[in-house]
Every structure is written in C-alpha cells, then in structure tokens.
Amino acid sequence: MASEERDIVETERPGPPTGLGLVKGLGVTMKHLLRRSVTQQYPEVKPNLPPRSRGVIALKQENCTVCYKCARECPDWCIYIDAHKETHEPASGGRARSVKVLDRFAIDYALCMYCGICVEVCPFDALFWSPEFEYAVHDIQELTHEKEKLEEWTYTVLPPPELEEGAEPTGGEEG
Amino acid sequence: MIAQAGVSVIERWISNYWLVIVAKAAVVLVFFLVAPLLVGYMEHKVLAHMQARLGPMYAGRFHGWAQLVADGVKFVQKEDVIPAAADPWVFSLAPGVVMIPYIVLFVVVPFSDQIFALNLDVGIFFVLAMSSVSVIGVLMAGWSSANKFSLMGALRSAGQLMAYELPLVLAAASVVMQAGTLSMIGIVEAQERYWFALSQPIGFLIFLVAAVAELSRPPFDMPIADSEIIFGHITEYTGLKFAFMLLAEYGGIVAFSAIASVLYLGGYQAPPLLSAIPAPIWMAAKVGALSFFIIWLRATYPRLREDQLQRFSWLLLIPLALAQVLVVGIVKVAV
C-alpha cells in the first residue's frame with residue numbers, strides 16, 4: 001500500500017520550473033479577451049430557455065378533479081384548494097350524479113420551493129411546468145396566485161420537443 | 001527642437017513665475033484625476049472580457065464609459081465613518097499621505113521634450129523616493145484604524161516594500177548607469193538609438209515585477225488579500241477617503257507605467273519610421289500598454305503566499321538586479 005502511494009507521488013512530481021506555465025496563463029486570458037463574452041443582457045435580451053424549463057407551476061382547471069393529491073403531497077403546504085359538491089340531475093332520468101366544483105386553487109409562491117411533486121402526483125395532467133419566470137412583485141402577499149392567473153400560465157407551456165429519431169412513441173396505456 | 005528641449009511649453013506661454021507654478025500644478029492635478037479613471041475603466045472592461053463577461057454596460061449609455069464617474073459621485077455622497085477606537089487625525093491624514101506622493105511624482109514625467117512640468121536633474125531619484133513615501137500613509141492607515149486586519153495589511157505592505165524597493169532601485173540604477181544621467185528627459189534622450197528594454201531585458205522584467213509588487217497589485221496583493229484580511233489597511237475607510245485610496249492605487253499604476261516607459265521603452269520617443277505620430281501620443285500609448293499588462297497579470301495569476309513573495313524577491317530578483325548592475329558597470333567601463 002505504502003509503495004503504491006510512493007509510486008503515485010513519483011509520477012506526479014513536477015519538473016524544474018521553466019516559467020512556461022506563466023506564459024501559457026497569459027495566453028489563456030488573452031484568448032478570452034479576444035473571444036465574444038458569454039453574457040446575455042437579460043432585460044434587453046430574453047433568455048433562450050429550453051421548452052421544458054421549470055419556471056412556474058400552471059393549472060389547467062378543466063382537468064382538475066379536486067382530488068387534493070397535490071395539496072396533500074406538497075412538502076410546504078403552499079397549495080390552497082376550496083371546492084363544493086354539486087348534484088347534477090341527468091336530463092334522461094336515472095340517478096343524480098355528484099360532482100366536485102373547484103372554487104379556489106391558489107399556490108403561494110413565497111412558500112413554494114419548486115420541487116414539482118404536485119406536478120408529478122397530479123393524476124389527470126392538470127398541473128404543468130411553465131417556462132415563465134418573470135412574476136416578481138413588490139409585496140410578498142401578491143405572490144399567492146389564484147387559479148385565474150395559474151390558468152393563464154398554461155398558455156405559456158410550450159409543446160413538447162420532437163421525439164428523437166428512432167425513439168419509442170410515448171402515449172401511456174393506449175400506445 | 002533640440003534648442004528648446006528642456007523648456008516646458010507652459011514656460012513659453014506664461015512669463016509670470018508664480019502663474020507658471022499654479023498652471024503646472026493645475027495641469028498635473030488634472031492629469032492625476034483623469035488618467036487613473038481611464039486606467040480604472042480599462043481594468044473594468046479588460047478584466048471582464050478576460051473572464052468572458054461584459055463589465056459595466058449602463059452608466060453613460062455607451063458601454064458603461066461613465067461607470068467610474070458614477071462611482072465617484074457615490075463615494076462623495078457616502079457617510080464618512082471614523083471608528084470609535086481609531087486615532088481620528090492620523091486616520092484622516094493617511095489617504096492624503098498615500099495619494100499625494102503619486103501626484104507629486106507626475107511632476108517629472110515628460111510627455112515630449114517640451115511637455116513636462118519640471119526637468120529635475122535628480123528626476124529618477126526623486127520619482128523613486130516619492131513612490132516609497134506612500135507606504136508611510138499605508139502604515140498610518142493600518143495603525144490608526146484600530147483594526148487587526150488593517151494592521152496586518154499595513155505590516156505586510158511595509159514588508160513588501162522592503163523586499164521590492166531594492167530590486168526596483170537596482171534596476172533603475174543600471175538604467176541610470178547606461179544613460180549617464182538621472183534626469184527623466186536625459187534618460188529618454190539617451191534612448192534615441194535603441195530602447196533600454198533591448199539592452200537590459202532582464203532589468204525591464206525585474207522593474208515591472210517589482211513595480212507590480214510595490215503597487216500591491218495581484219499577484220502580489222497580500223496587503224489587501226480580501227480572502228484573509230478583508231481589505232488590509234483600507235478596511236475601515238469609507239466615502240471620499242476610500243476613493244482617495246483607490247485613486248492612489250490607479251494613479252500608482254499610471255505612475256509606474258510612465259516610469260517604466262521612460263526607463264525602458266524610450267518614453268516619448270517614436271519607434272523608427274513612425275515619427276510622424278507626435279511624441280505625447282507615443283508616451284500615452286506606452287503608458288496604456290504597460291497599464292494593460294499590469295491588468296492582464298491580475299486576470300491571469302493567483303495571489304502569492306507571503307513567504308513565496310519574500311523568497312521570490314530576496315533569492316531571485318535582488319541577486320539578478322545586482323548582477324545586472326555589475327554587468328552594466330563592466331560594460332560601461334570597458335567600452
């Protein structure tokens with residue numbers, strides 16, 4: 001064991017100092033000076049984000065069945081859901097059906113830690129990641145966004161990128 | 001041209017002795033206030049692009065050209081804090097003691113054989129003497145701040161000056177020996193045929209390295225090593241006093257670049273075949289190029305350790321500089 005370590009040290013021993021490294025270092029910084037810098041000037045130039053960027057969580061209301069799974073799985077309890085039950089009499093007779101109607105769906109982005117567990121657990125694809133990220137406000141209270149705002153963000157969700165050549169098509173059970 | 005050499009333009013325009021002095025002082029002061037801003041802006045931009053950034057882009061609307069003006073306005077508005085335990089007089093005097101030697105130093109820097117404030121016979125001696133006064137200001141700042149980091153920074157600075165003043169003076173001495181004069185203009189005129197950087201390349205390197213160390217610029221910035229001792233002797237300073245300390249640093253870059261171009265790059269002398277371009281532009285270009293080099297070093301090398309710094313000077317630079325003096329002496333006597 002000890003001899004092995006000594007071998008490693010011997011192979012890594014540097015030669016006599018030549019000063020060549022100093023010149024190389026100057027070359028590296030000069031190369032960067034002559035290259036274009038990578039900075040994007042954000043407010044003027046919008047960032048070119050990938051379509052699946054996780055900017056904010058959007059809600060598609062018509063897909064929501066008020067199952068409360070998202071609210072229960074949320075690690076920091078930032079999802080507020082209120083709903084009531086309505087009974088629908090079918091026009092053609094038969095038993096009355098009860099439906100849950102969403103009254104309030106709000107996410108407090110001051111609490112949200114963007115873990116995405118709600119998006120994962122949603123069984124009916126009502127929650128989405130949107131690449132939108134410019135929703136800074138001056139008051140922390142305003143960071144609780146209601147379902148109307150969350151619905152708006154669903155329109156910023158970009159279509160999924162094209163499948164790669166030869167990839168298996170997705171599509172769940174029917175595929 | 002030669003007949004007028006050694007006579008400042010100002011003296012030919014204004015005849016009154018006192019007016020001449022005031023005019024010269026004003027010109028030197030304005031130069032000291034403007035040139036460091038240009039170098040500071042260059043540092044912002046060059047350092048940024050060497051790190052693949054853009055640097056300031058907004059102040060003044062065009063590539064942040066007014067960034068340092070804006071910084072100056074900010075410094076003026078800031079509260080002037082003096083620590084409760086500090087010695088207020090020494091604390092307040094220190095920035096002046098650091099800055100004024102660099103202003104005075106520009107008095108003897110020539111921009112052509114007619115554009116200069118003063119042609120002292122002891123020019124280079126005066127310059128080197130002045131440049132080492134500012135370390136007293138650094139010690140004053142460090143001691144009076146009543147802060148251990150300030151004191152450590154100041155003592156490191158003093159130790160660094162001890163180690164690097166010697167190679168600096170020895171390198172300058174061998175130039176003086178070759179030129180046969182101490183006058184800045186005399187040294188420039190002595191380089192009419194070839195620059196001393198060609199006859200004393202090692203001396204030039206020693207001078208540059210020692211100058212960077214004298215200025216406490218990276219990679220020799222242990223006195224203000226921010227990862228260890230916050231900001232050294234400047235730690236407790238705010239507002240205008242802090243601005244003066246920074247101005248002294250950038251003024252120092254300009255000053256040492258000017259001295260190095262006078263000693264080694266032929267000062268205001270144009271290279272052969274390019275004498276159509278006037279002398280002051282050549283001087284400014286050489287000062288700019290050397291300032292760029294000093295900034296380039298900052299972007300490239302990591303900070304040395306304190307013992308590495310001392311070892312480098314005492315075991316390498318000083319023996320080399322002494323050998324240089326010896327060789328120049330032998331050649332001077334033999335030829």
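Reader: Hi! Which helix is T154(A) found in?

Author: T154(A) sits in helix α5 of chain A, residues 147-154. Helices are DSSP runs of H or I with at least four residues, strands are runs of E with at least two, and both are numbered from the N terminus. This is a predicted model, in which local features need pLDDT of at least 70, side-chain atom pairs count only at pLDDT 80 or more, and totals for chains, interfaces and linings use all residues. Residues are numbered from 1 along each chain as its sequence is written, chains are lettered from A and ligands numbered from 1 in the order written, and side-chain values use heavy atoms, leaving out hydrogens and water.

Reader: Thanks! Is T154(A) buried or exposed?

Author: T154(A) is buried, at a relative accessible area of 11%. Buried means under 20%, exposed over 50%, and partly exposed in between, using a 1.4 Å probe and protein chains only.

Reader: And what does T154(A) touch?

Author: Leaving aside residues up to four places away in sequence, T154(A) touches A58(A), L59(A), K60(A) and F128(A). A contact here is heavy atoms within 4.5 Å. The T154(A) side chain also reaches the backbone oxygen of E151(A) at 2.4 Å.

Reader: Which residue does K46(A) meet in a salt bridge?

Author: K46(A) pairs with E134(A), at 3.2 Å from N to O. K46(A) is in the loop between α2 and β1 of chain A and E134(A) in the loop between β4 and β5 of chain A, so the pair ties together parts 88 residues apart in sequence. K46(A) counts as exposed at 51% relative accessibility, and E134(A) as partly exposed at 41%.

Reader: What about chain B, which residue does E249(B) form a salt bridge with?

Author: That partner is R217(B), with the closest N and O atoms 2.9 Å apart. E249(B) belongs to helix α12 of chain B and R217(B) to the loop between α10 and α11 of chain B, so this pair links parts 32 residues apart in sequence. E249(B) is buried at 17%, and R217(B) is buried at 0%. Shared partners join E43(B), R217(B), E249(B) and R298(B) into one network of salt bridges.

Reader: Nice. How many residues of α10(B) are buried?

Author: Ten of its 14 residues are buried, so α10(B) is mostly covered. Among the buried ones are F204(B), F207(B) and E214(B). The elements covering them include α12 and α14 of chain B.

Reader: Last one: how many residues does each chain give to the contact?

Author: Chain B gives 15 residues and chain A gives 14. The two chains bury about 1,300 Å² between them, 66% of it on carbon and sulfur atoms. That buried area is the accessible area (1.4 Å probe) lost when the two parts are put together, summed over both.

Reader: What is the count of salt bridges between chain B and chain A?

Author: Zero salt bridges are counted between chain B and chain A. The elements giving two or more residues to the chain B side are α2 and α13 of chain B, and α13(B) provides the largest share, six residues.

Methods:
Salt bridge = Lys/Arg side-chain N within 4 Å of Asp/Glu carboxyl O. Polar contact = N/O pair within 3.5 Å; in protein donor to acceptor, adjacent residues only side chain to side chain.
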